[in-house]
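Dear colleague,

Please find below the structure that I am handing over to you.

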Amino acid sequence: MSTKVTSMNPLITTIFTADPSAHVWEDGKVYIYASHDMDPARGCDLMDRYHVFSSEDMVNWVDEGEILRSDDVAWGRPEGGFMWAPDCAYKNGTYYFYYPHPSGSSWNDTWKMGVATSDSPASGFTDRGYIPGLGGFAMIDPCVLVDEDERAYMYYGGGSKCAGGELNDDMISIKGEMREMEGLEDFHEAAWVFKRAGIYYLTYADNLDNHNRMRYATSENPLGPWTYRGIFLEPTGCSTTHGSVTEYKGQWYLFYHNQDISGQGNLRSVCIDYLHFNEDGTIQTVVQTKEGVRSVGAAPTPNPLETTYSAENSTVGGGAKVSTNEQGEGFIHDLHLAGSYSQFDHVDGANGGRATINIAYATDERLAKLHLMVNDIDWSLLNALSTGGPAEFTGIASITVSLQPGNNNSIRLSGGRGGISVASITVTPFLD
Ligand code: FUB
C-alpha cells in the first residue's frame, strides 16, 4: 500500500516519459497518454511503445501498460521509432488514440497523424491508419478537443506553424480544410486546447533557444482567432517543453515534463503541478515543485492476485549471489557484474495479459539501471533511483508488462548500470 502523501516530481520514475496528454474519462479516473523516451536514447529517433498511466487520487498512478508500438503500424517508416507526442479522445463509446509518426525514412518530411481505436481507455488499441490530408514537414503533436456539443476539433503543428480543423463524426477524417491558427505569438509546437467557463485556451511551447517555455492564448471559438495571453510555464531545464491542462475533482493541473532524473533532453520524465486561474480567466505562472500535488481520493485497494517472490525464489548466475541480512531477509546482489542475472520462474500470470511487476531494490547510485526480460521479451531499461544506501530496500521500480496465462512465466533481471541489490519482486496481474 502506498504511503505517499504527494505525487512527487517527476511522477513516473521507472521509465522515461514525455509529452503528457491528460484526460478524465467516464470511469472517473484521470489518464495520462505519454510518449516513451526509450533508454538508451538516440536523439528522439527511438521513441516508441506508448504507455498509459491512470489514477483516482492524483498521487498513486497505475502503469496501464503499453498500448501501441511502431511495429504495429503497417504504414509507418520501415525503421520504426519516432512515436512522438500523442493524444486521446473519446466519442460514442470509442477511444481514439492519435499519434504522430512518419511514413517514410525521410522522417521529418513524412509526418502523418495515425489513429488507433479501442473500446477501453488504456488497452486493446488497433491501428486504423492515418488521417488523410494531414502531416508533412515538421507537422507533429496532435491534440483533439471534443466540445460540449460533441463536435470534435484537431490541432497539430511544429516548426512555428499551428493548424486546426474540425473532425468528421468518424473522428478519423477532417471536415473541409485545416487552417492556420491566428494570433499565437512565438508558436513552436505542442498545441493543447481545453475549455473553461466557455473560453477556449490554446497552450503551446515557444521557441526560447534550448529552454522552451509554455505560452497560451484564448478565444471564444474553438478555431480562433486567438488572443495571445502570455507565458505560464518558465523553462523546466529541458530543451523541449510540452504539456496539458486538465481539471480533476475540482482542481486544475498542468501535466508537463522535465529532465530531472536523467539530465538528458531526450530522456524526460512526466511531472504534475497545480495550475491556478485569476478571476479574469488568465493563468498564473505554474510553480514547479518537487512535491507535486496532494491526494484527492482514496488510495487504491490491494489486488487479491498480488504475489511476492522473494530473493530466495530466484535462480542466480554469472556472479550474482543471494545473501541474508541481519534480519534474516534474503537479497540478490552483484547484479552489476558482467553476465550476472537473477531469474524467477513459475511466475503466476493468472488469466494472462497485463501484470504490474514491482521490483524492491536498494542502491546508493544516483541512477542505477536494471535490465528486465519477461518470457524472453525485453522491457528494459528500468530506472532505479537512489534509496540512500546499498541496504536500504525502499526503492520500487515498477512496470506493467504482458504475461502468459498460468504459472509458467519467467522474469529475469540483470544489471544495466551501477550497483543494485534486489529483495523481491511483486507481480500483480490485472483483474480485467
Ligand atoms: O517528444 C518528441 C517531441 O519533443 C514532441 O513531439 C515535441 O512536442 C517535443 O516534446
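I begin with R215, which counts as buried because its relative accessibility is 8%, under the 20% that sets the limit for buried residues. Please keep in mind throughout that the model is a predicted one. The side chain of R215 meets that of D206 in a salt bridge, with 2.9 Å from N to O. D206 is likewise buried, its relative accessible area being 0%.

Salt bridges elsewhere

Which of the two partners is buried, and which is exposed? K91 is buried, because its relative accessibility is 7%, whereas D169 is exposed, because its relative accessible area is 65%.

A further salt bridge is that of K175 with E166, where the closest N and O atoms are 3.5 Å apart. K175 counts as partly exposed, at 44% relative accessibility, while E166 is buried at 10%.

The surroundings of S219

S219 is located in strand β15 (residues 214-219). With a relative accessible area of 6%, S219 is a buried residue. Leaving aside residues up to four places away in sequence, S219 touches I199, Y200, G224, P225 and W226. With P225 there is also a polar approach: a polar atom of the S219 side chain lies 3.0 Å from the backbone oxygen of P225. N408, by contrast, is 57 Å from S219 in space, C-alpha to C-alpha, and 189 residues away in sequence.

The two domains

The domain assignment of the protein gives domain 1 as residues 16-274 and domain 2 as residues 307-429. Taken over C-alpha atoms, the centres of domain 1 and domain 2 are separated by 33 Å. How many residues of each domain are in contact with the other? On the side of domain 1 there are 14, and on the side of domain 2 there are 13.

The size of an interface is often given as the accessible area lost when the parts come together. For domain 1 and domain 2, about 1000 Å² is buried between them, and 43% of this area is on carbon and sulfur atoms. Within domain 1, the residues that lose the most area to domain 2 are D39, D63 and I261, which together account for 46% of what that side buries.

Two salt bridges are counted between domain 1 and domain 2. The structure also contains a salt bridge between the side chains of E64 and R354, at 2.9 Å from N to O. Six residue pairs are found in polar contact across the interface of domain 1 and domain 2. On the side of domain 1 that touches domain 2, strand β4 (residues 62-68) gives the most, with four residues. The residues of that side of domain 1 comprise six charged, four polar and four nonpolar ones.

Yours sincerely

Technical notes:
Residues numbered from 1 in each chain as written. Predicted model: local features only at pLDDT ≥ 70, side-chain atom pairs only at ≥ 80, totals over all residues. Heavy atoms only, no water. Domains from an automatic or database assignment. Contact = heavy atoms within 4.5 Å. Buried area = accessible area lost by both parts, 1.4 Å probe. Salt bridge = Lys/Arg side-chain N within 4 Å of Asp/Glu carboxyl O. Polar contact = N/O pair within 3.5 Å; in protein donor to acceptor, adjacent residues only side chain to side chain. Helix = DSSP H or I, 4+ residues; strand = E, 2+ residues; numbered from the N terminus. Nonpolar A, V, L, I, M, F, W, Y, C, P; charged D, E, K, R; others polar. Buried < 20%, exposed > 50% of the residue type's maximum accessible area, 1.4 Å probe, protein only.
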